[in-house]
Amino acid sequence: MILRLGRIVTLMLCTSFRLLAFPQGAGDVRSITFDTVTVYGRRHTTSLTSGRDGTLAVDMGLMDDLPKILGNADPIHYSQMLPGVQTNAEYQSGIHIQGGESSHNSIEAGGVPIYNVNHLLGFFSTFNAAHYRSLRLCKSMTATGCNRLGGTLSVTPDTTLSVKTGGEYSVGLISSQCTFRFPLGGRTSLKVSARLSYLDLLYKQWLIIDGSSIEYSFHDANATLVHAIDDRNRLVADFYVGGDDGAFFDGGYLASMKARWGNVMGSLSWLRQGGAAVTRHTLYVTSYRNDFRLDMSSMAFRLPSGITDVGYKWLTESGRWNVGADLSLRFIRPQSVEQQGALSLDNVPANRQRPFEGTLHGSYALPLACGISAIAGARATLFAMGGAHFYAVDPSVRLTLDRETVQASMGYAVRHQYIFQTGFSDAGLPTEFWTAANATHRPQYAHGPDISLSAYLFGRRYRITADAFCKWLYNQMEYRGSILDYANTVYDFDRTVVHGRGYNWGWSVMLNKCTGRLNGWVCYSYTAARRHFAGKSMDGWYHASHERPHELNLVATYALSRRWNVCATFTGASGTPFTAPSSLSLVNGSIVSQYAPYNSNRLKPYMRLDLSANYKWRTRGGRECGVNLSLYNATGRGNDLFYRVKVNRKNEFAYRPVSFVVNILPSVSYFCKL
């Protein structure tokens, strides 16, 4: 951007701006007058910014330009295009940061944790992008983070006061959504959003996995109320509710599965800015519930589960100090069997859990020299449930460099985690559940260093970011059962999980274009995730099931004109590990399998190109309207989801990969901003 200040600068400089020249005598002053000054600069048009500790922030306005999968651009889905975050295949949910499990990460809305944030088999999350201002990804373990071994992905609601009524809405082929803002007086405003799907009307024939159909629908709603008490104090009330209803028939197990799941979240925050101190107090309730039903021949049972947090958070940033507290009382219902069929089962019921978790944390930044600072922090946590008590102090230290064009950091941290997620499948249906640490399942913990470097290039037109990490994991948990375990006469959750250790390490580099009509980034990540569990089929080190060593991501948006803009995203990644049979044979009408070492095989590399185009126009009333055209997997590549043994009526069988039912998924939607 070129700023031509002209006469304005002349006035600002008082027209007779004076410079002291070399004195030629006592009191001799030479006067120079500028009539016009022209300042040249480049306006940053990028929606992606990075901090000195490697934290990445994405403006939610970017979602308007990105390809819309079935009419929606999901922020959690597109966070997988960032460096260090693994791409998931279709029908998989969750998010993996720097090689960690999905449960190692905290996903938050306004600082409040949200559990199992997935709609539509991993295609959509519970977050309506139009309701939030930005998305923030922190990959490092920091003192002010949370008790998780991985990173934090958070969306920030818009807390600005609306001065006039406005909003936006969009209508797609599977869902519609709307967001409206209302001023309620001079100091109060309300923002509400809603989303509703009608997927079965047009796409039902496409929701088929290996010949098995899926029925699915979802809905969600948000509301954020902002009240400015005065210039320094502000109250923010945030609310979310969402629900899903799905049904799936698995021909391999002759099982019919139905599930209803959803989230409810409510929070009240007090934000105070007094001088150099900024304080935030938050009271919240967040709850996730799942009612999973399974019918298999003569058996029928429910597998309900859920987790609810009632908590309080306090955070104060003042000068070099950063202190706070997190208190949470949880109500956890681990997955257990409630029999409804004719078969009599003698299963061990899962006890309800009511753990308490309290944490005090703080950090201090000590300036050293030349823009270098040392930040020392610690988290002291007490976790109690029944007769089990755990106490830990997790230290962290970080060196940072903050210069005009270069930012860097290097740190080391220790972290404990007291709740875990596990289950017999990580497919999009919510068959995984939460459970708390106890005497049998000890708290997980991790430690390791990380380093990050970021620098502007070519006159701040580009920004390059690189980071590396190494993390050692202990007391890891993995579910070794299957859906058939629930049909056993004796089912005990403790017998279906194994414990072990592991490590993650890797590095990534990203180049971000910051200016001009062409924007976006390209990044490459290398990640190794190894696990070690004691067991006959898993003894020794092996690849984690979600590991993708190599991953290349590209995001590019281009403004062709005031009305047209186009976008392309590309993902190329290694295939995930799986356990393949080394031999198959048919004995008395039954298939007998001999398996290779655990996770010793890999799916074919995953590749996907998505395209979109937006055409916008303005009505006479000043409204911005437009049409979005998107293509999911534009090249039509058939990416493998998993392998399966298929048997036909002639008792002929083959071991073949299963891919997404359609290779190309088109979408069209209409949007309007009021």
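Not counting residues up to four places away in sequence, Ser 630 touches Pro 67, Lys 68, Leu 611, Ser 612, Leu 665, Pro 666 and Ser 667; contact here means heavy atoms within 4.5 Å. This is a predicted model, where local features need pLDDT of at least 70, side-chain atom pairs count only at pLDDT 80 or more, and totals for chains, interfaces and linings use all residues. Residues are numbered from 1 along each chain as its sequence is written, and side-chain values use heavy atoms, with hydrogens and water left out.

**Exercise 1.** Work out whether Ser 630 is buried or exposed, and find the polar partner of its side chain among side chains.

*Solution.* Start with accessibility: Ser 630 comes out at 6%, so it counts as buried (under 20% relative accessible area; exposed is over 50%, partly exposed in between; 1.4 Å probe, protein chains only). Next, look for polar contacts (N or O atoms within 3.5 Å, one able to donate a hydrogen and the other to accept it; residues adjacent in sequence count only if both atoms are side-chain atoms). The side chain of Asn 628 is the partner, at 2.7 Å. Then check the backbone: the nitrogen of Lys 68 lies 3.0 Å from a polar atom of the Ser 630 side chain.

**Exercise 2.** Find which charged residues sit over the ring of Tyr 456.

*Solution.* Apply the rule first: NZ of Lys or CZ of Arg within 6 Å of the ring centre and within 35 degrees of the ring normal. Arg 460 lies over the face, 4.1 Å from the centre.
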